[in-house]
Amino acid sequence: MIGSIEVRGLSRTFHTTVRRPGFTGALRSLVNPERVAKHAVSDITFDVGAGELLALLGPNGAGKSTTIKILTGILTPTSGEARVAGVVPYRERERNARNIGAVFGQRTQLWWDLPARESFAILRDIYEVPKAEHAARLKEFDELLDLSSFWDTRVRHLSLGQRVRCDLAAALLHDPPVVFLDEPTIGMDVVVKEQVREFLRHQVEQRGRTVLLTTHDMTEVERLAERVVLINHGRLVLDGTLDEIRRKFGSTWQVRATLADPHTEVTALPGIALLRHEGARVVFGPDGSEGPDGPTAPTVHQALKSVIERYEVTDIALDEADLEDVMRAAYVQAGDA
Ligand SMILES: Nc1ncnc2c1ncn2[C@@H]1O[C@H](COP(=O)(O)OP(=O)(O)OP(=O)(O)O)[C@@H](O)[C@H]1O
């Protein structure tokens, strides 16, 4: 399907030689090298629907970059299969390259000694993008990313935030349906981060691009992703929407409200316990009756809605578990399962 990503039982093992410690160890390693297998990705299966933004999460060394490298055709899997917009990336690298854009936050894909605008022109020729189309897209990207104030500067002299914005434009100039972003906002200041996130949201919502994003920044996940896939030690441990994950691993929310009439009779609601009731002030929380992953346990947003619908309130606020905490719980519980 155009724009979708399908990953089936994907595995990648690296074989490396270990050096034994000390001088004699080094000699022994030379004569009789010890080979070890590293299972970077093990039997991973997931899908990203066309026009969806999925965050691929996991601790350092979990296998995220290896997965992206397979999907961009840089690496071949040891077993399993992947399709990106209907193409097997490592079998048809060139065809795949026309369908995808990729940004690796830690390194640039641009020509280091050329101004970014010249790189854009070279890419236009490589991808045979008609001139008018190229100009229109560049104008749109400039409006969203403010590129023109620095696109005539050599890439080597750009700041990190400027360089990654140019990388994003370069990756999307040929209008690919699928985009891979490996830690795109790493090291950026908050203003530029927000600009890049706004740009990505625009690309998904207005242009219908499919995005697979890796990041360690949970604010980014909350702002951009509806669904996440969590991998740990190369294995997929969780695939779900943010709401499902919060429900499963972060049931520590509270809804605090002030009632319009302090004499209102207040009771618990389905799945929601009344934790405190003092005059006009009430506090609700999950009642835990169905366990944290009960099928009807309400999310904090559903709880908020239920309280507003049932009671007339003059003020309402919610405290929810930080996504960092939720993810930490998910790594520990799901990862060690
Ligand atoms: N070319 C390689 N040769 C040997 N081992 C490798 C190679 N590439 C990756 N690995 C190992 O595979 C594992 C997964 O690495 P990968 O880069 O995919 O992790 P990651 O989830 O992207 O981590 P990070 O968040 O730190 O970027 C790591 O243990 C890494 O050391």
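This report describes the overall build, the sheets and the ligand surroundings of one protein model.

The model is predicted: local features require a pLDDT of at least 70, side-chain atom pairs count only at pLDDT 80 or more, and totals for chains, interfaces and linings use all residues. Residues are numbered from 1 along each chain as its sequence is written.

**Overall build**

The protein contains 11 helices and 13 strands. Helices (H or I, at least four residues) and strands (E, at least two) are DSSP runs, numbered from the N terminus. The C-alpha trace spans about 75 × 60 × 40 Å along its principal axes. Of the 337 residues in the protein, 36% are buried. A residue is called buried if 20 or more other C-beta atoms lie within 10 Å of its own, exposed if 12 or fewer, and partly exposed in between, with C-beta atoms placed from the backbone.

Two residues are in contact if their C-beta atoms, placed from the backbone, lie within 7 Å. Among contacts between residues at least 6 apart in sequence, 70% join residues at least 24 apart.

The domain assignment gives domain 1 (5-244) and domain 2 (251-320); such bounds come from an automatic or database domain assignment. The C-alpha centres of domain 1 and domain 2 lie 41 Å apart.

Two strands pair if DSSP finds at least two bridges between them.

**Antiparallel pairs**

| Strand pair | Bridges | Residue pair |
|---|---|---|
| E8 (residues 227-232) and E9 | 6 bridges | Asn232 and Arg235 |
| E10 (residues 254-259) and E12 (residues 281-286) | 4 bridges | Arg256 and Val283 |
| E11 (residues 272-278) and E12 | 6 bridges | Glu278 and Arg281 |

E11 and E12 form a hairpin with 2 residues between them, and Gly279 in the turn has a positive phi of about 60°. Arg276 lies in strand E11. Arg276 counts as exposed because 11 other C-beta atoms lie within 10 Å. Leaving aside neighbours within four places in sequence, Arg276 is in contact with Val282 and Val283. The C-alpha atoms of Arg276 and Gly3, 273 residues apart along the chain, are separated by 49 Å.

**Around the ligand**

The ligand is surrounded by Phe14, Thr16, Lys38, Ala40, Gly58, Asn60, Gly61, Ala62, Gly63, Lys64, Ser65 and Thr66. A residue belongs near a molecule if its C-beta atom, placed from the backbone, lies within 6 Å of it. Strand E1 (5-18), strand E2 (34-48) and helix H2 (64-71) each supply at least two residues of this shell. H2 gives the most, with 3 residues.

The shell divides into 3 nonpolar, 7 polar and 2 charged residues. Here Ala, Val, Leu, Ile, Met, Phe, Trp, Tyr, Cys and Pro count as nonpolar, Asp, Glu, Lys and Arg as charged, and the others, Gly among them, as polar.
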